Amino acid sequence: MRIAFYCKDDFNLGVAYVIAYLKSKGNEVRLFLEHNENTSVLRQLKFSPDLVCISCVTANVEWGINLAKKIRKISKVKILFGGVHPTLCPETIEREGFEVCLGDGISYFGGTFEPDNTWPDREIFLRELPPVHRAYQIFMTGFGCPFKCSYCNSQNLHRKLIRRSADGCVRELEYLKANGLKYVLFVDDIFTINRSWLIDFLRSYRENINLPFTCFGHTKFIDKEIATLLRNSSCECVWLGIQSGSEDIRKNILNRHETNEDISNACKVIKDAKLKLMIDHIFDLPGETYESLLESFRFYKTLRPDVVNCYELLYLPHAEINKFGHSEAKYEADGGRNYNKYAKSFQALPLFCNQGNSLSTG
Ligand code: B12
Ligand code: SF4
């Protein structure tokens, strides 16, 4: 089968897995990264695929639907949507007359998601992207998260927890290193979640890869031993979701149960190990007041972060937090299209410089 795969702008790990599987079954797959919709639609028609696949998250579902409509105007080819948004809200796609894959695309096409055996086809993306994407790559050693933070879609995706073998990860990383990888961003929901696995993996990583990396951590899963091990294995930076300095907001709105003391302890061991500390903050949370912002600001200062990433709260489909704010009702009322408004923005503002001095008042 000839398959055209559409993605917005960037490398997409999930799609890279599905493409690798499809190719392994003898399909001819072409990737169309949508920098310029019109050019791509024309190129795609020349390719004359038997199937068009489109991958979306909520932030770009409008783009996906518009693209599919354009294709439908000029071709009768079957169009299949997959990815996080179609999985969460298949009705928003189906009512436009397009088909949806729920969850894992490899299972949809008759296979099994086995990340140690089928490596994602990164090359098909890297050919289309600037060279820096080859040097700096994302990597997942595990999938799924046991927590239920109210603003996050992790729980709605009903993924089973998958932990790759340390050996399987290192083999893939060796291959990537031989092909130009210079820096790794481990984007597992919580890279540090399984202590014994992590110790095993880091030992092998140190011996065989030893490239600098950043990883997502969690305040409940980091202590002095782990921070030191990370540092000694070429980790440069640990990225923690804090989201608010107010314990009350974290507990009652965000369903995050770390105390400020837990957070302070985690950040201290990270900084003491001479790792860079990046933390996330969410603005516009239900219950946010001038006082709670000041509280956050003052608390973050004590943590000595190198970067505070600031996000606006996104009201993601079916997320628990919606009951406090722009609700599901609003989503239903506007037919789901306007999630895009809430799911677009991404800002990383270094509110603090390295020494922890503020760029703001306070
Ligand atoms: C890595 C990551 C990022 C990275 C890299 C993104 C990228 N371009 O690859 C960065 C940091 C840049 C990022 C940014 C953002 N992200 Co992000 N990210 C992730 C993360 C942690 C992993 C994604 C991943 O690779 N998963 C692993 C693969 C295997 O799973 P998958 O992508 O779902 O793909 C599988 C299936 O969905 C399916 N599939 C996928 N596409 C298709 C297509 C077809 C046709 C078929 C058949 C099947 C299929 O098959 C795949 C294999 O099983 C997820 C959380 C998570 N654990 O999934 C959040 C997640 C996807 N991100 C999320 C969000 C909100 C964002 C941002 C909007 C954040 C912000 N505030 O700006 C931006 C948006 C960027 C964008 N336009 O895509 C949300 C999306 C929620 C939603 N409803 O859309 C998630 C789910 C986290 C959450 N909080 O809930 N993200
Ligand atoms: S925000 Fe992070 S810790 Fe919370 S549920 Fe989502 S992935 Fe898990």
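A residue is classed as buried if 20 or more other C-beta atoms lie within 10 Å of its own, as exposed if 12 or fewer do, and as partly exposed in between, with C-beta atoms placed from the backbone. The structure is a predicted model, in which local features need pLDDT of at least 70 and side-chain atom pairs count only at pLDDT 80 or more, whereas totals for chains, interfaces and linings use all residues. Residues are numbered from 1 along each chain as its sequence is written, and chains are lettered from A and ligands numbered from 1 in the order in which they are written.

The protein contains 16 helices and 13 strands, defined as DSSP runs (helices, H or I, of at least four residues; strands, E, of at least two) numbered from the N terminus. Of its 362 residues, 36% are buried. Contacts are assigned where the C-beta atoms of two residues, placed from the backbone, lie within 7 Å; among contacts between residues at least 6 apart in sequence, 76% join residues at least 24 apart.

Helix H9 comprises 13 residues (166–178), and at 1.5 Å a residue it should span 18 Å, in agreement with the 18 Å between its end C-alpha atoms. The expected span is taken as 1.5 Å times one less than the number of residues. Within H9, Cys169, Val170 and Leu173 are buried. Viewed down the axis of H9, the buried residues fall within an arc of 95°, so they line one face of the helix; the arc is that of the directions from the helix axis to the C-beta atoms. Exposed Tyr175 and Ala178 are carried on the face turned away from the buried side. The cover over the buried residues of H9 includes strand E6 (136–139) and helix H10 (195–208). Glycine 180, which follows H9, has a positive phi near 110°.

The axes of H9 and H10 come within 9 Å and cross at roughly 30°. The two helices are therefore roughly parallel, a term applied to angles under 35 degrees. In this pairing, Ala166, Asp167, Cys169, Val170 and Glu174 of H9 meet Trp197, Asp200, Phe201, Ser204, Tyr205 and Asn208 of H10.

Most residues other than glycine have a negative phi. Asparagine 210, although not a glycine, has a positive phi of about 55°; it lies in the loop between H10 and strand E10 (213–216) and is exposed, with 11 other C-beta atoms within 10 Å. Asparagine 255 likewise has a positive phi of about 55°. Asparagine 255 is placed in the loop between helix H12 (247–252) and helix H13 (260–272) and counts as partly exposed, with 16 C-beta neighbours inside 10 Å.

Terms used:
Axes are lines fitted to C-alpha atoms, for helices over the stretch in contact, and angles run from 0 to 180 degrees between N-to-C directions. Angles under 35 degrees count as roughly parallel, over 145 as roughly antiparallel, 65 to 115 as roughly perpendicular and the rest as oblique.
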